[in-house]
Amino acid sequence: MKKNIARHVVSLPKSGIRDFFEIVSKMKDVISLGIGEPDFDTPWHIREAAIYALEKGKTHYTSNLGTIELRREICKYVEKNYAVSYKPETDVIITVGVSEAIDLALRALINPGDGVLFHEPCYVSYSPSIALAFGEAIPIVTRAQDGFSLNVEDIAKAWKPNCKVLMMNLPCNPTGGTCDLERLQAIAKFAVEKDLIILSDEIYSELVYDGIHTSIASLPGMKERTLFLHGFSKAFAMTGFRIGYACGHPDLIEAMMKIHQYSMLCAPILAQEAALEALLHGEDGMKVMRDQYHRRRDLVVRRFREAGLSCHLPKAAFYAFPNIVATGVSERDFSFGLLEAEKVAVVPGTAFGQSGTGFVRASFATSYEQLIEACDRIERYTQNLASKRRT
Amino acid sequence: MNPVLKLLIEGGQLSTAQMAVVAGLSEADVNKHLEQLKKDKIFLGWRPVLDLSREAVAGAAVRAVIEVRITPERGGGFNRLSERLSHFDEVESCYLMSGSYDLLIFITGPSLQKVASFVSEKLSTLEGVLSTSTHFMLRSYKEGGFLIDAPEQASGRLKVAP
């Protein structure tokens with residue numbers, strides 16, 4: 001059968017997380033800091049809304065764009081929190097997670113060979129999604145000494161005449177990198193000059209611990225050329241519900257809807273009902289979770305530094321991204337060695353692109369008790385590596 | 001806010017040593033904060049959350065909730081009588097309520113008779129108590145934030161995820 005698989009699928013690289021997952025999933029008693037989703041269960045009132053919707057027989061298709069009630073609440077939420085106003089009738093589409101929204105947007109925008117800029121290290125699906133849309137994936141480097149923020153100078157260096165789209169994920173998985181207003185303004189100016197469309201994945205934007213999140217869509221002249229992408233997975237601990245959304249120019253939303261209606265039809269109605277409840281009554285619960293992530297971040301970064309690992313302070317999201325070069329081993333050897341010696345799982349930074357070389361991603365979306373134990377083990381592991389190097 | 005108080009409000013089950021690591025303090029500092037919270041009468045003490053239905057002897061204990069109507073006093077309102085009632089060992093908790101009664105009292109006793117006699121002999125006979133309405137608890141579904149008899153669920157999370 002292999003010979004029948006499409007060439008562009010065959011040429012997709014294997015996910016750097018996949019083989020690691022295979023090993024970890026077979027091991028017992030592992031403390032995993034390798035999980036990119038909240039450890040909190042979805043708040044009960046949101047789950048209960050889904051149960052209630054099921055009881056009420058809400059088991060049918062919705063509009064391709066999603067229920068109008070949810071789209072209205074999304075528009076209110078986005079206007080209140082991101083200072084951009086959208087029309088629920090034409091400017092919003094509900095998708096199966098942000099991942100589907102990204103896929104739809106790329107397929108709607110990219111002609112074969114168009115260039116798509118994206119910053120690295122980044123979420124594992126960006127480069128493959130671009131390849132699946134027959135675009136040219138063009139990485140932009142971000143750096144630890146800069147808190148993995150995005151600089152217009154680096155975008156300009158990577159830019160080529162075929163570039164049509166700039167993908168941004170701020171705050172960023174895996175680095176927790178963010179972008180201040182000044183940098184965003186410079187990026188916006190560059191996007192206008194080069195006529196770039198911006199796909200702005202802001203899935204972690206509620207989980208900001210230092211500073212204020214600004215959406216690039218809210219800057220003057222940027223709403224028209226920005227597709228604002230967001231969802232419920234991270235802030236409301238609703239990963240399994242698979243609800244994301246995109247807000248943008250009605251022409252782009254219409255084009256995305258064309259693909260969505262033939263491939264997905266609509267996002268599941270029960271999950272849409274749950275998402276509506278999250279927007280109506282979920283803000284307080286979300287803040288409680290954010291406060292706890294904040295304390296966990298401080299704990300993990302402090303302990304990593306005490307263990308001799310250089311680690312920038314992620315301003316947002318729930319990942320620490322320590323540099324392990326000082327241990328004298330590669331990120332892959334560090335991760336596999338840590339798993340074998342101490343049964344702690346972290347993800348090698350190269351799973352998120354080549355600029356993740358020398359780093360590992362450690363998610364702090366796990367309990368204090370587990371984090372404390374994991375940090376103790378990581379410290380012991382790094383000390384053992386150090387003493388081996390000395391001998 | 002006191003960093004230790006933040007962790008207490010979160011409702012976790014951290015030991016003082018773990019609190020120290022999370023808050024970035026020494027354990028001695030955590031204990032100092034706890035002492036200060038005690039002095040400020042914010043932190044009143046530790047209590048275990050138990051499901052005594054699983055323990056044969058202790059499980060025979062009877063728990064009841066009593067709605068009490070009382071007469072407020074000139075100058076003291078409801079406080080004097082409420083404080084007096086709260087001193088009884090049988091009373092676990094006592095709250096002044098809005099609505100059709102004044103006090104809601106949670107009590108525990110070794111048997112139904114003991115609880116009944118506490119209500120009829122001690123509580124009802126106090127001057128100022130107008131009426132009582134006693135409700136015996138039949139079964140507990142949640143205690144102090146813990147679900148009782150809920151099936152243990154393995155975490156549905158994958159061990160590694162992007």
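Colleague: At roughly what angle do the axes of helix 11 of chain A and helix 13 of chain A cross?
Modeller: This is a predicted model, in which local features need pLDDT of at least 70, side-chain atom pairs count only at pLDDT 80 or more, and totals for chains, interfaces and linings use all residues. Residues are numbered from 1 along each chain as its sequence is written, while chains are lettered from A and ligands numbered from 1 in the order in which they are written. Axes are lines fitted to C-alpha atoms, for helices over the stretch in contact, with angles from 0 to 180 degrees between N-to-C directions; helices (H or I, at least four residues) and strands (E, at least two) are DSSP runs numbered from the N terminus. The axes of helix 11 and helix 13 of chain A come within 9 Å, and they cross at roughly 10°.

Colleague: How are helix 11 of chain A and helix 13 of chain A oriented to each other?
Modeller: Angles under 35 degrees count as roughly parallel, over 145 as roughly antiparallel, 65 to 115 as roughly perpendicular and the rest as oblique. Helix 11 and helix 13 of chain A are therefore roughly parallel.

Colleague: Which residues of helix 13 of chain A make the contact with helix 11 of chain A?
Modeller: Two residues are in contact if their C-beta atoms, placed from the backbone, lie within 7 Å. Helix 11 of chain A contributes R296(A), L299(A), V300(A), R303(A) and E306(A), and the partners from helix 13 of chain A are Y368(A), L371(A), C375(A) and E379(A).

Colleague: How are helix 12 of chain A and helix 13 of chain A oriented to each other?
Modeller: The axes of helix 12 (residues 331-342) and helix 13 of chain A come within 10 Å and cross at roughly 110°. The two helices are therefore roughly perpendicular.

Colleague: Which residues of helix 13 of chain A meet helix 12 of chain A in their contact?
Modeller: From helix 12 of chain A come L338(A), A341(A) and E342(A). The residues from helix 13 of chain A are R377(A), I378(A), R380(A) and Y381(A).

Colleague: How many residues of domain 2 of chain A are in contact with domain 1 of chain A?
Modeller: The domain assignment, which is automatic or from a database, gives chain A domain 1 (2-42 + 284-385) and domain 2 (44-281). Their centres, taken over C-alpha atoms, are separated by 24 Å. Domain 1 of chain A places 33 residues in the contact, and domain 2 of chain A places 36 residues.

Colleague: Which helix supplies the largest share of the side of chain A that touches chain B?
Modeller: The contact takes 23 residues from chain A and 13 residues from chain B. At least two residues each come from helix 2 (18-25), helix 11 (283-306) and helix 13 (368-390) of chain A. The largest share, five residues, comes from helix 11 of chain A.

Colleague: What distance separates the centres of domain 1 and domain 2 of chain B?
Modeller: Chain B is assigned domain 1 (3-39) and domain 2 (52-138). Taken over C-alpha atoms, their centres are separated by 33 Å.
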